Amino acid sequence: MATIGVQQVLPPPLTSTSEPPPLFDGTTRLYASYTCPFAQRVWIARNYKGLQDKIHLVPIDLQNRPAWYKEKVYPENKVPSLEHNGKVLGESLDLIKYVDANFEGTPLFPNDPSKKEFGEQLLSHVDTFTKELFLSLKGDTVQQASPTFEFLENALGKFDDGPFLLGQFSLVDVAYIPFVERFHIVLAEVFKHDVTEGRPKLATWIEVH
């Protein structure tokens, strides 16, 4: 999923005993976690745009975070964050838009007005979408998660020029896929339920990622 583009050797996560990189030295850094779906959004966008050499990946061990990360980099003490041009920015949805707007590479948002409008609607809904998925784990998971995946199946039918949410791959797919892939696995392995059954567009969408 987050390995779109050039394959690379991944650096080990930094822990409480790790020294910080040379902060604010002009290097652009993405502070992330290999297991965090929010961070993976930005990681996917970076890789898809071929920015592995422009945006350096700095993985953080969320279970054993270095104190300097909160003190010197990002007071919120969460990932992802992006160190760029002498400042640090956060929030994954803001960051994928920022990376797309401020770095070279394939654009991740369409120019077509109807796709742009639908894309904005889907991006404004994604927080509700992920919240509903997590809440489903506290109840009848299969039944409660079903409308959420049905929403995606319907959304995937809006445009027919490709298998993605706006037809072609975009920031909208980046925003949703880390969470959908996780719940696809959880529902299959824990609840023996295939969320793609009866949802052919969703099945294809997951497969092409």
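Trainee: Is aspartate 100 buried or exposed, and what decides that?

Mentor: Keep in mind that this is a predicted model. The cut-off for buried is under 20% relative accessible area. Aspartate 100 comes out at 15%, so it counts as buried. This residue lies in helix 3.

Trainee: Which residues does aspartate 100 touch, leaving aside those up to four places away in sequence?

Mentor: Its contacts are Lys49, Thr106, Pro107, Leu108, Phe109 and Leu171.

Trainee: Thanks! How do I read the packing of two helices?

Mentor: Two packed helices are described by the angle between their axes and by the distance between those axes. Here, helix 1 (residues 37–48) packs with helix 3 (residues 92–102) at an angle of about 5 degrees, and their axes are 9 Å apart. Helix 1 is therefore roughly parallel to helix 3.

Trainee: Which residues meet there?

Mentor: Helix 1 brings Phe38, Arg41, Val42 and Ala45, and helix 3 brings Ser92, Leu93, Leu95, Ile96 and Val99. Sorted by class, seven residues of this contact are nonpolar, one is polar and one is charged.

Trainee: And what about a nonpolar core?

Mentor: In soluble globular proteins, nonpolar side chains tend to be buried together. The largest nonpolar core in this model has 58 residues, and Phe149, Leu165, Tyr176, Leu202 and Trp205 touch the most other members. Helix 6 (residues 171–189) gives the largest share, nine residues. Domain 1 (29–102) and domain 2 (113–208) each supply at least three residues to this core.

Notes:
Residues are numbered from 1 along each chain as its sequence is written. This is a predicted model: local features need pLDDT of at least 70, side-chain atom pairs count only at pLDDT 80 or more; totals for chains, interfaces and linings use all residues. Side-chain values use heavy atoms; hydrogens and water are left out. A nonpolar core is a set of buried Ala, Val, Leu, Ile, Met, Phe, Trp, Tyr and Cys residues joined through side-chain atoms within 4.5 Å. Buried means under 20% relative accessible area, exposed over 50%, partly exposed in between (1.4 Å probe, protein chains only). Helices (H or I, at least four residues) and strands (E, at least two) are DSSP runs, numbered from the N terminus. Domain bounds come from an automatic or database domain assignment. Axes are lines fitted to C-alpha atoms, for helices over the stretch in contact, and angles run from 0 to 180 degrees between N-to-C directions. Angles under 35 degrees count as roughly parallel, over 145 as roughly antiparallel, 65 to 115 as roughly perpendicular and the rest as oblique. Contact means heavy atoms within 4.5 Å. Ala, Val, Leu, Ile, Met, Phe, Trp, Tyr, Cys and Pro count as nonpolar, Asp, Glu, Lys and Arg as charged, and the others, Gly among them, as polar.
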